[in-house]
Amino acid sequence: MTPSPRAQGSYPKTPDEANHMNRNSRPAITPVAIVGAGPGDPDLMTVKGLRRLMGADVVVYDKLVSDQILDLIPTGASRIFAGKQARNHHMPQEDINSLLVRLARSGRRVVRLKGGDPFVFGRGGEEALHLAAENIPFEIVPGITSSAACTAYAGIPLTHRGLAHSVRFITGHLAKEGSLDLDWDGLADPETTLVVYMGLTNLETICDQLIRHGLSPDTPAAAINQGTRPDQRTVQAPLSGLAAAVEEADLVGATLLVIGKVVSLAPELDWFLPGQVDIDDETGSGD
Ligand SMILES: C[S@@+](CC[C@H](N)C(=O)[O-])C[C@H]1O[C@@H](n2cnc3c(N)ncnc32)[C@H](O)[C@@H]1O
């Protein structure tokens, strides 16, 4: 029976197993590590993700990966930017897929580094499916998704007793045919926290639709821009005024929308001072 790409790609547990695997799989293909880099603060990357990065020969990375995380890539490793090409176009997904296969077959240790978590609006599943179809071993290293990290850094608990008993993650990105066809009735739930990825472009439509389907215009809402990074900014307003407030603030770059009563806790829980010196850095240096 042919072993699955995952079984082929598992890391050897003993030296004997490693020798056996090397004899039986030539050229040796190290599993492609699809790694979640988290939302930007390098300290939020997982230990496993960092280990894979340190051992990489080549790193294929996205636009959302922060400069501070890119600084962690070993100097000897090649970097390939998969975010945009020369004429400002995204590298098509098929090209990224083929690139990963080519690099893996060349025998290099490949890390595919993605913002947040690879399996949350990150197309990590598509890349993994392609690798599986090509019989390339792979592994998934989860990352902290921006909805968890940005809200934490903005002092917004995603759930809170008495305010929200559930949370929903949605994308505000238009479907191919240009419509934003969401279950507005279901989403307009005052007991639920709604987190919208990629919602900036359609912010006005999203707020209008939620209000039209019954959510109070006074529902607390926020847009978190460049979350967990030194330039993090949070704009807060009632749902009916969020689009205007965001326009006024002129937010550029990665932005997450959070809608629900939990946003009202932010003024009390807002602990993160963007740009502050890390306490460990202060006390650790010079000892
Ligand atoms: C293509 S999705 C990728 C999501 C990613 N896989 C994750 O788990 O966070 C891109 C969207 O994620 C959100 N996002 C990612 N990083 C962010 C950050 N540091 N601050 C605010 N929003 C962020 C924004 O809504 C952005 O438009």
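This is a short talk on a predicted model of one protein and its ligand, going from overall figures to the ligand shell and then to a few single residues.

Let me begin with conventions. Residues are numbered from 1 along each chain as its sequence is written. Because the model is predicted, local features need a pLDDT of at least 70 and side-chain atom pairs count only at pLDDT 80 or more, while totals for chains, interfaces and linings use all residues.

On confidence, pLDDT being the predictor's confidence in each residue, from 0 to 100, the protein averages 88, and 82% of the residues score at least 70. Over residues 1-9 the pLDDT is below 50, and beyond near neighbours in sequence this stretch has 14 contacts in the model, a contact being two residues whose C-beta atoms, placed from the backbone, lie within 7 Å. Residues 282-287 also have a pLDDT below 50, and that stretch has one contact in the model beyond near neighbours in sequence.

Turning to the fold, the protein has twelve helices and ten strands, which are DSSP runs numbered from the N terminus (helices H or I, at least four residues; strands E, at least two). Of its 287 residues, 37% are buried; a residue is buried if 20 or more other C-beta atoms, placed from the backbone, lie within 10 Å of its own, exposed if 12 or fewer, and partly exposed in between. Among the contacts with a separation of 6 or more, 72% are between residues 24 or more positions apart.

Now the ligand. There are 21 residues around the ligand, of which Gly116, Gly122, Thr145, Ser146 and Gly227 come nearest, where near means that the C-beta atom, placed from the backbone, lies within 6 Å of the molecule. Domain 1 (15-144) and domain 2 (147-269) each supply at least three residues to the shell, with the bounds coming from an automatic or database domain assignment.

Which residues does helix α10 (residues 242-249) bury? They are Leu242, Ala243 and Val246, and because they cover an arc of only 100° around the axis, they lie on the same side of α10; the arc is that of the directions from the helix axis to the C-beta atoms. The buried residues of α10 pack against α9 (203-212), β8 (220-225) and β9 (233-238), whereas Glu247 and Glu248, on the other side of α10, are exposed. Aspartate 250 counts as exposed because it has 9 C-beta neighbours inside 10 Å.

Another positive phi, of about 60°, belongs to arginine 123, which is not a glycine either. Arginine 123 sits in the loop between β4 (110-114) and α6, and it is partly exposed because it has 15 C-beta neighbours inside 10 Å.

Finally, glutamate 127 lies in helix α6 (residues 124-133) and is buried, because 23 other C-beta atoms lie within 10 Å. Leaving aside neighbours within four places in sequence, glutamate 127 contacts Ile34, Ile96, Asn97, Leu100 and Arg112. Its C-alpha atom is separated by 9.4 Å from that of serine 98, 29 residues apart along the chain. Serine 98, in helix α5 (residues 93-105), is partly exposed because it has 13 other C-beta atoms within 10 Å.
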